[in-house]
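Me: I am new to this structure and would like to go through its packing step by step. Please show me the sequence and the model.

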Amino acid sequence: MPLYRDEAIVLRTHKLGEADRIITLLTRHHGRVRAVAKGVRRTSSRFGSRLEPFTHVDLQLAEGRNLDTITQAETLSLFHAGLGLDYDRYTAGTVMLETAERLVSEEKEPALQQFLLLVGGLRVLASGERGPGQVLDSYLLRSLAVAGYAPSFAHCARCGLEGRHRWFNPSMGGVLCSTCRVPGSASPAPETLALLGALLAGDWPEVEAAEPRHLKEAGGLVAAYLAWHLERGLRSLAYVER
């Protein structure tokens, strides 16, 4: 069987047979890959804890007809070590993993930008340098943008009119002017819309200066935008405390 190497983040695992697991990975060069880790559930397994969710690994894999097989695994970063003892950071991280898996839907299709976003987001989240809610919202907006669902905060998503607009609608792609407003549109505070733009752009000084009420409102809008474009909500998002 042909062998190949790649760098990956472990997104999810589930049991296979008595001792194996199927590992879902987001890789640097091959996009989303599902692979078998043989004997990983045995105490004598050479893989140890290297193939748990949140782990950043360097892998050797053997190509298979249906599933590839992991033959070697070396740890690059144990992000779960910085997340496991903090509920807010852990739940934010699980949303990031689930989002990455949902947005990179085709197996073996390269998704380098999504991979780099996930690695960077998990690194910041695990470091504790920034608030977990803000790291999560910034990651979600950016990953949606990379997937082709970039929200508009600077001009009307429908007619393109520039300026500060009052209305926001996930189904329309962002903010709307008064003329283009559709029923059911939200009317967030101007500070919240500015904050959303900062989260998308990675303007951390502006994000860190935001008031808690605007952070909470922005989080709700990001969740609504994500749910609309994924067509159904994320299971893990229900555990995130806003």
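Me: Which residues does Leu 118 touch, not counting residues up to four places away in sequence?
Reply: The model is a predicted one. Leu 118 belongs to the largest nonpolar core. With residues up to four places away in sequence left aside, the residues that Leu 118 touches are Ile 9, Leu 11, Leu 26, Met 96, Leu 97, Ala 100 and Tyr 139.

Me: Which members of the largest nonpolar core touch the most other members?
Reply: This core holds 45 residues. The elements that give two or more residues to it are β1 (3-16), α2 (87-103), α3 (112-127), α4 (132-146), α5 (190-201), α6 (204-208) and α7 (212-230). The members that touch the most others are Ile 9, Leu 118, Leu 122 and Leu 196.

Me: How many residues does the other core have?
Reply: Another core lies apart from the largest one. Among its residues are Val 10, Leu 51, Leu 61 and Ala 73. Its number of residues is 16.

Me: How are α4 and α5 oriented to each other?
Reply: The axes of α4 and α5 come within 8 Å and cross at roughly 70 degrees. Angles of 65 to 115 degrees count as roughly perpendicular. The two helices are therefore roughly perpendicular.

Me: How do the residues of the contact of α4 with α5 divide into nonpolar, polar and charged?
Reply: From α4 the contact takes Gln 134, Asp 137, Ser 138, Leu 141, Arg 142 and Ala 145. From α5 it takes Leu 196, Leu 199, Leu 200 and Ala 201. The division is six nonpolar, two polar and two charged.

Me: In which handedness of crossing does α5 pass α7, left-handed or right-handed?
Reply: α5 and α7 pack at an angle of about 65 degrees, and their axes are 9 Å apart. These helices are therefore roughly perpendicular to each other. The crossing in which α5 passes α7 is right-handed.

Me: Which residues of α7 make the contact with α5?
Reply: The contact of α5 with α7 comprises seven nonpolar, two polar and two charged residues. α5 supplies Glu 191, Thr 192, Leu 195, Leu 196 and Leu 199. The residues of α7 are His 214, Leu 215, Glu 217, Ala 218, Leu 221 and Val 222.

Me: What separates the C-alpha atoms of Trp 228 and Gly 173?
Reply: Trp 228 is found in helix α7, and it touches Pro 170 and Ser 171 when residues up to four places away in sequence are not counted. Trp 228 and Gly 173 are 55 residues apart along the chain. Their C-alpha atoms are separated by 9.7 Å.

Technical notes: Residues are numbered from 1 along each chain as its sequence is written. This is a predicted model: local features need pLDDT of at least 70, side-chain atom pairs count only at pLDDT 80 or more; totals for chains, interfaces and linings use all residues. Side-chain values use heavy atoms; hydrogens and water are left out. A nonpolar core is a set of buried Ala, Val, Leu, Ile, Met, Phe, Trp, Tyr and Cys residues joined through side-chain atoms within 4.5 Å. Buried means under 20% relative accessible area, exposed over 50%, partly exposed in between (1.4 Å probe, protein chains only). Helices (H or I, at least four residues) and strands (E, at least two) are DSSP runs, numbered from the N terminus. Contact means heavy atoms within 4.5 Å. Axes are lines fitted to C-alpha atoms, for helices over the stretch in contact, and angles run from 0 to 180 degrees between N-to-C directions. Angles under 35 degrees count as roughly parallel, over 145 as roughly antiparallel, 65 to 115 as roughly perpendicular and the rest as oblique. A crossing is left-handed if the near helix is turned anticlockwise from the far one by less than a right angle, and right-handed if clockwise. Ala, Val, Leu, Ile, Met, Phe, Trp, Tyr, Cys and Pro count as nonpolar, Asp, Glu, Lys and Arg as charged, and the others, Gly among them, as polar.
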